[in-house]
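Dear colleague,

Please find below the structure that I am handing over to you. My findings follow directly after it.

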Amino acid sequence: MRLLVAGGAGFIGSTFVARRLAASADSIVVLDKLTYAGSRENLAEIEADANLGPRLRFVQGDICDADIVGSLLAEADAVVNFAAETHVDRSIAAADDFLRTGVTGVHVLLEAVRRAAEARPDAAPRLVQVSTDEVYGTIESGAADEDAPLRPRSPYAAAKAAGDLLCLAYHVTHGTDVVISRGANTYGPRQHPEKLVPLFITNALEGEPLPLYGDGRQRRDWLFVDDHADAIALLLDRAAPGGVYNVTGGDERINRDVADVILAATGRSADLLRSVADRPGHDRRYAMTGDRLAALGWQSRVTFADGMAHTVAWYSANRAWWQRARGPGWADYYERLYGRRLAESTPA
Ligand code: NAD
Ligand code: TYD
């Protein structure tokens, strides 16, 4: 297959590109805007590989740009869309880019896929839209299946839910071949250091405090990035058109436990853990059923213990990567989000 991978220079997208190229004879064009969260560096190892590199092409561009998307799609058999603004805390500060990429960008992709399907009905391209468990909102008990109501509670989750609904509407109205994956909280190498796991690992490595929101008893279902990428590859090949599939990690933990694992793995004292003011509208728990994807033969392979050990080792060995990923705006960002919180923090 000739794949167009939008957002392929980010965390999960670059992992997908590497694993898909290694596991198939596909060729891939990555379309990525290279926001603060994306980096060519994430594709460098693949580009340098004699077997994988020749089958990868990088194009810097925006999924909201209909001309670029249309011309790339004319030469693609399928699109996998990872492109999004992805950090809940940033969506609370300003949601504009989240809506632009999450709604307008997804619409541009859908229109391009629809036109390509009209132009070549016998080889209509498929769009896999990479979404999130956060569209279901907080799940106090039990677990959301794919038909559960969408109750997004952050601007990030609302933008993702809007993208999902547009995809499903195009499937019903235009017969567009769309598939939606809703993945759990993902962790692993090359995740931008603003997210919980890499933030806590990098802060611990530097001996800086770990800011735990609220009581730290919020629950997330943790999924290792290789497993997430492989689930998306399976859906690309095997999912039913118009299908929605949850991708679960199978390892639900409270944030406090995640912090403890990181402190132990980095050999740091529990004194680094600080209780700080909570995130507004903080979702208490995410949980999904995974039967639909399991019926396609998928199961997660990497345990939380193994995945975290690997992730901590990667951040320890790749200090230069995360120092560059923080970028020139990091100090301001950190001060805005955590300055006051840490000044008023208490031992956790
Ligand atoms: P990320 O922030 O690491 O990567 C996003 C990538 O998209 C970056 O490379 C960025 O440059 C690119 N991008 C952003 N706006 C763009 C635009 N308008 N045009 C082209 N490229 C653009 O994110 P991630 O963690 O790899 O997440 C990838 C996808 O998976 C997202 O859609 C996210 O909602 C979803 N997801 C993430 C998680 C998680 O825990 N990280 C869990 C479930 C689902
Ligand atoms: P995050 O990695 O931002 O993912 P999401 O909010 O999309 O689930 O956060 C994971 C959990 O960790 C969430 O409950 C918020 C919490 N958290 C903290 O306690 N402190 C932090 O500094 C961050 C970034 C997150």
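A polar backbone atom of Phe11 lies 3.0 Å from an oxygen atom of ligand 1; a polar contact here is a pair of N or O atoms within 3.5 Å, and within protein one atom must be able to donate a hydrogen and the other to accept it, while residues adjacent in sequence count only if both atoms are side-chain atoms. The side chain of Asp32 has an N or O atom 2.6 Å from an oxygen atom of ligand 1, and a polar side-chain atom of Thr86 is 2.8 Å from an oxygen atom of this ligand. On its own ligand 1 exposes 840 Å², of which the protein buries 97% (accessible areas by the Shrake-Rupley method with a 1.4 Å probe; for residues, only the protein chains shown count as cover).

Please note that this is a predicted model, in which local features need pLDDT of at least 70 and side-chain atom pairs count only at pLDDT 80 or more, while totals for chains, interfaces and linings use all residues. Residues are numbered from 1 along each chain as its sequence is written, chains are lettered from A and ligands numbered from 1 in the order in which they are written, and side-chain values use heavy atoms, with hydrogens and water left out.

The shell around ligand 1 has 30 residues, of which Ile12, Asp32, Thr86, Tyr156 and Lys160 come nearest (a residue is near a molecule or strand if one of its heavy atoms lies within 4 Å of it). At least two residues each are supplied by α1 (11-23), β5 (126-132), α6 (155-174) and β7 (185-187), and β5 gives the largest share, three residues. Helices (H or I, at least four residues) and strands (E, at least two) are DSSP runs, numbered from the N terminus. By class, this shell holds 12 nonpolar, 14 polar and four charged residues (Ala, Val, Leu, Ile, Met, Phe, Trp, Tyr, Cys and Pro count as nonpolar, Asp, Glu, Lys and Arg as charged, and the others, Gly among them, as polar).

Ligand 2 is surrounded by 19 residues, with Glu134, Arg220, Arg279, His282 and Tyr338 the closest. Two or more residues of the shell come from each of α4 (88-93), α7 and β8 (210-213), and β8 provides the largest share, three residues. The shell around ligand 2 divides into eight nonpolar, five polar and six charged residues.

Yours sincerely
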